[in-house]
Amino acid sequence: MTMQNSVRPLPATEPAPLRIAVAGNPNSGKSTLINSLAGTRLHVGNWPGVTVEKREASFERRDERIALVDLPGTYSLSPYSQEEVVARDYLVEERPDVIIDVVDATNLERNLYLTVQLLELEIPVVVALNIHDEAERMGYRIDVTAMERALGVRIIPTVATKGTGLEALLDAATAAAGDPSRHRPRRLHYGDDIEAAAEALMAEVLRGHPDLAGKYPGRWLAFKLLEGDRRVIDEAGLQGIDPLVARAAEHLISAHGEDVESLMADARYARATGLTREVLTKPDVRKIELTEKIDRIALNRFLGIPLFLAAMWLVFKLTFDVSAPFADWLGNVTAGPFTRWTRVLVGLVHGPDWLISLVTDGVIAGVGSVLVFVPVIFAMMFFITFLEGSGYMARAAFVMDRAMHSMGLHGKSFIPMLLGFGCNVPAIYATRTLENPRDKALTALLIPLMSCGARLPVYVLFVGAFFSSRSGTVLWSLYVLGIVLAVLMGILFKRTLFRGESPMFIMELPPYRMPSGKSLAIHTWEKGKHFLYKAGTYILAVSVLVWFLLNLPWGVEQKKDSYMGTVGQAIAPVFKPLGFGTWEAASSLVAGVIAKEIVVGTMGEIYVPGKVETPSGPPPSLSEDLREIGTSFAEAGKNAFTNVFSTAGIASLSEKGESEPEREGLRGVMAKTYTPLSAYAFMTFVLLYMPCIVAAAAFKHEFGTWKWFGVAFAYQTVLAWSVAFFIYQGGTLLGLGG
Amino acid sequence: MNLAMLTPGQSGRISHIGAIGPLKRRLMDMGVLVGEEVKVEKVAPLGDPIEITVKSYNLSLRKREAEGILLEEPQ
């Protein structure tokens with residue numbers, strides 16, 4: 001290994017890339033700026049160990065290689081949130097060549113508070129004075145030259161949504177990185193007391209640990225020690241330094257009567273405030289801004305909630321109704337022509353029957369079940385990005401927080417939970433709008449209790465067979481049961497797994513802004529792509545596994561003798577006290593792990609065997625199939641469009657075409673095997689038992705660990721069994737069993 | 001007198017921040033500092049949280065969090 005390393009020539013022609021870190025407040029337009037700078041070259045992943053998104057890009061510009069890293073949006077570099085720790089660790093440990101600090105020109109003072117902290121790191125900084133157009137429209141005048149002089153850094157006015165100033169920004173960043181000694185930021189004086197205490201502490205620390213001199217900027221280290229930052233103390237290996245720090249801080253505390261952390265925040269804000277006064281001129285008469293006008297209605301005491309619910313209804317409708325026709329189209333193309341022609345191709349190379357079945361029923365069906373989710377993921381991500389980028393997400397949280405907080409959740413939890421009624425998978429992805437890991441995990445855990453669209457076919461089958469006179473009430477009761485259990489489980493989790501102080505709410509209500517089309521496109525595309533690559537792998541694997549379970553051992557004739565049937569028989573007794581202890585029911589539930597609507601399909605195969613589709617007439621030719629794919633896609637587009645304007649309810653949730661004649665046969669068999677009571681118990685079990693594998697993949701993908709899926713799996717299994725048991729046994733006692 | 005006691009339209013000057021640890025640091029990072037002028041803009045439709053303006057931007061926080069922010073007694 002060593003040999004190899006020493007032999008390899010240094011790439012003399014390719015110098016190390018210029019490393020640019022982009023920092024800034026949330027809502028400063030940082031994300032849009034990155035999108036404009038890097039566009040499709042962005043690579044999205046997670047920061048190691050946390051679920052905070054990491055976006056980076058490398059590209060060449062004027063013969064220079066640039067590696068751009070987007071730091072999480074933060075208000076400060078304190079050690080209290082994941083985002084702040086990630087941003088700080090990167091800056092301190094990796095020491096990029098230059099920091100681009102994105103500053104919202106319409107909110108200068110609070111943004112400069114972060115700038116002041118970035119300057120402490122003694123890394124060259126270039127400020128992007130962003131949203132400059134809006135500031136001008138508001139009549140703000142910012143003296144850029146005076147600001148550059150005061151901070152000792154270059155300041156470039158930018159409008160990220162329009163791409164204005166970005167070339168100049170990159171030029172300035174390259175220049176600053178190329179000559180760091182000339183671009184060293186100015187040291188902002190924090191008052192004699194603080195500076196003296198820091199200097200004294202720094203001298204003492206360096207005497208004991210001279211090695212730290214090269215590792216950290218000395219003044220910054222002293223500030224962090226004075227603030228009592230445990231993370232820095234541990235990382236620098238300075239355990240046991242506390243008495244030294246206490247002595248240095250003693251004078252500060254006694255002279256000012258405040259803890260050092262507050263003194264530091266005061267001192268930093270004093271610099272930000274002073275600088276803002278120096279460089280910013282606001283008009284005497286303040287115009288009433290658009291945001292204020294909108295909020296008078298959107299957050300109104302009486303209109304706030306109805307308007308919010310109306311907006312949510314629209315988002316829900318658009319997400320699921322626009323995507324549904326395309327999902328159906330993708331499903332039909334994979335199940336129809338694609339499967340047909342694959343079968344022909346495998347037949348051409350004389351592939352055996354089992355191979356044809358594996359490829360079509362296992363692999364292609366698995367791919368199909370991934371594909372049908374793609375349109376809904378795209379649609380959901382588009383609307384979530386729009387809600388966040390426009391500023392309405394914060395209002396939604398503001399309006400709903402009281403209700404959600406009572407079950408231990410955050411105001412922002414409402415939207416993912418609501419999306420759960422359409423499909424749990426995009427809902428779990430939507431939890432990324434929650435910053436706090438605790439809020440996020442709890443929300444995701446409760447989402448599977450929202451009865452998704454895939455459970456509806458199961459209800460429709462049973463309700464049609466047993467409760468046709470009261471179908472509406474029975475359906476409604478299942479949805480309500482899910483919601484009630486979510487509230488109860490939320491309260492239970494709050495007191496057990498998530499005990500302790502609930503995370504704080506403190507949240508900016510940013511001005512309403514139109515998100516740029518490019519940002520919407522990039523965020524939507526990233527999420528859809530990730531879903532295909534990452535979640536798709538797991539789903540495909542499980543689909544193939546289920547195929548094997550259904551078709552092994554070799555040459556199995558009866559479903560009952562397959563491994564799946566054996567599994568069904570083995571676990572059937574578990575369901576006996578619930579009223580459906582048959583191997584048929586058990587096998588359907590196991591197969592339903594892929595997607596809950598599969599419960600119906602499997603029941604069809606098991607209860608009504610020999611139902612093979614008999615194609616009438618010769619199969620369509622390839623050109624006919626291709627034409628059909630084209631016309632059905634156009635049809636899907638038309639349906640998506642008309643769905644938007646058909647205001648009567650949510651089209652994708654209504655029963656459509658499920659009561660074909662073949663279902664009638666199944667209903668007949670069901671009526672003999674189930675009683676209304678056991679049918680209801682079965683439906684509650686389907687409502688509550690584990691999330692489908694696609695949801696499982698979403699859990700893994702969103703949290704980076706199987707832990708939360710494990711918790712969901714465990715509690716839902718227990719809950720499903722207990723509730724179904726309670727319903728069946730309670731009902732029997734009440735004499736409803738007949 | 002604390003921030004949670006103000007009604008929409010009323011304002012006051014912060015005299016003390018009673019919170020400790022992360023909550024206090026977060027408040028201060030958001031510009032909620034002693035001596036700062038804050039104004040309550042709105043109360044959410046369900047009575048909590050509240051919206052305030054501080055450092056000429058809008059911030060929302062729960063009443064429980066606002067209770068720890070003490071205000072100077074009006075003269």
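Residues are numbered from 1 along each chain as its sequence is written, while chains are lettered from A and ligands numbered from 1 in the order in which they are written. Because the model is predicted, local features need pLDDT of at least 70 and side-chain atom pairs count only at pLDDT 80 or more, whereas totals for chains, interfaces and linings use all residues.

**Domains 1 and 3 of chain A**

- Domain 1 of chain A has 14 residues in contact with 12 residues of domain 3 of chain A (two residues are in contact if their C-beta atoms, placed from the backbone, lie within 7 Å).
- On the domain 1 side of this contact, α2 (30-38), β2 (43-46) and α3 (82-94) of chain A each supply at least two residues; helices (H or I, at least four residues) and strands (E, at least two) are DSSP runs, numbered from the N terminus.
- With 4 residues, α2(A) gives the most to that side.
- That side of domain 1 of chain A divides into 3 nonpolar, 10 polar and 1 charged residues; Ala, Val, Leu, Ile, Met, Phe, Trp, Tyr, Cys and Pro count as nonpolar, Asp, Glu, Lys and Arg as charged, and the others, Gly among them, as polar.

**Contact between chains A and B**

- The contact between the chains takes 27 residues from chain A and 26 residues from chain B.
- On the side of chain B that touches chain A, α1 (21-29) and β4 (57-61) of chain B each supply at least two residues.
- The largest share of that side, 7 residues, comes from α1(B).
- By class, the side of chain B that touches chain A has 13 nonpolar, 4 polar and 9 charged residues.

- An open sheet of 6 strands runs in the order β10(A)-β4(B)-β3(B)-β2(B)-β1(B)-β5(B), with antiparallel pairing (two strands pair if DSSP finds at least two bridges between them).
- Its edge strands are β10 of chain A and β5 (69-71) of chain B, and each pairs on one side only.
- Strand β10 (residues 507-508) of chain A is joined to β4(B) by 2 bridges, and these strands run antiparallel.
- Glu508(A) has Leu59(B) as its bridge partner in β4(B).
- Within chain B, 3 bridges join β1 (residues 11-17) to β2 (residues 37-43), also antiparallel.
- The bridge partner of Ser11(B) in β2(B) is Lys39(B).
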